[in-house]
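Have the viewer open as you go.

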Amino acid sequence: MSQKLKLKDRVILAVAPPIAGLVIRVLAATMKLEFLHEERVRPFWEKDERFIAAFWHNRLLLMGYSYHGKGIKILISQHKDGELIARVLKKLGFASIRGSSTRGGAAAMREMVRASREYDIGITPDGPRGPKYVVQEGVIALARLTGVPILPLTFGSSKKKVFASWDAFNLPYPFSRGVFVWGEPIYVRKEDDMEEKRKELELKLREMTDFVDEYVQR
């Protein structure tokens with residue numbers, strides 16, 4: 001991919017990931033992090049059973065700190081900004097699968113199906129281009145194909161910068177309070193209605209996100 005990029009972009013992709021990785025580590029180290037309802041995900045880690053973690057695109061910055069399993073691969077778009085995110089994730093110790101609903105979707109789906117036999121999968125179901133807080137069908141299709149449950153996951157911080165991007169990206173401030181919330185597993189069986197399951201996941205993630213944004217202010 002680097003051969004198709006301008007020199008400026010190649011320099012950014014080489015320099016930015018290690019800096020960003022360091023900044024994220026320092027940021028997390030300054031924050032007071034809390035984990036709610038880990039009892040919903042802990043049995044999967046203890047039994048080494050696979051699951052799909054689904055979280056909103058605008059909450060992804062510190063999501064790696066919510067994960068205490070043996071291995072996860074995260075779906076990242078094939079766009080230029082996706083390449084940067086993938087390289088930052090690598091610096092933080094996480095592998096990625098490249099693709100989205102708009103580019104490389106079929107190949108990414110096949111790779112996720114294969115990977116789900118050995119790894120957990122992380123997906124931002126409203127990414128990479130939105131609409132914000134609207135779950136796309138891909139995560140439901142993956143759960144149906146693999147039989148692996150979806151675990152909703154969200155994050156909120158007491159103090160943050162909200163950017164004027166399509167997803168209203170959340171950047172937590174140093175020394176703020178951060179809270180992760182795990183939801184109940186959602187199973188998608190072959191006989192289930194895909195749209196109903198899509199709505200179920202979307203509603204649950206919206207409710208959890210509203211809850212955590214209120215909770216961190218207490």
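1. Helices here are DSSP runs of H or I with at least four residues, and strands are E runs of at least two, both numbered from the N terminus. Helix 3 is followed by G93, whose phi is positive, near 95°.

2. A word on provenance: this is a predicted model, where local features need pLDDT of at least 70, side-chain atom pairs count only at pLDDT 80 or more, and totals for chains, interfaces and linings use all residues. Residues are numbered from 1 along each chain as its sequence is written, and side-chain values use heavy atoms, without hydrogens and water.

3. Back to helix 3: its buried residues (under 20% relative accessible area, 1.4 Å probe, protein chains only) are G82, E83, A86, V88 and L89. Helix 1, strand 3 and strand 4 (95–98) are among the elements covering them, with contact meaning heavy atoms within 4.5 Å.

4. Helix 3 (80–91) supplies at least two of the lining residues, as do helix 1 (7–30) and strand 3 (72–76), among others.

5. There's also a cavity, meaning points where a 1.4 Å probe fits but cannot get out. Among the residues lining the largest cavity are F55, M63, Y67, F94 and W182.

Methods. 1 Å grid on protein atoms, 1.4 Å probe; cavity = no way out; pocket = protein on both sides within 12 Å on 5 of 7 lines; lining within 4 Å. Buried < 20%, exposed > 50% of the residue type's maximum accessible area, 1.4 Å probe, protein only.
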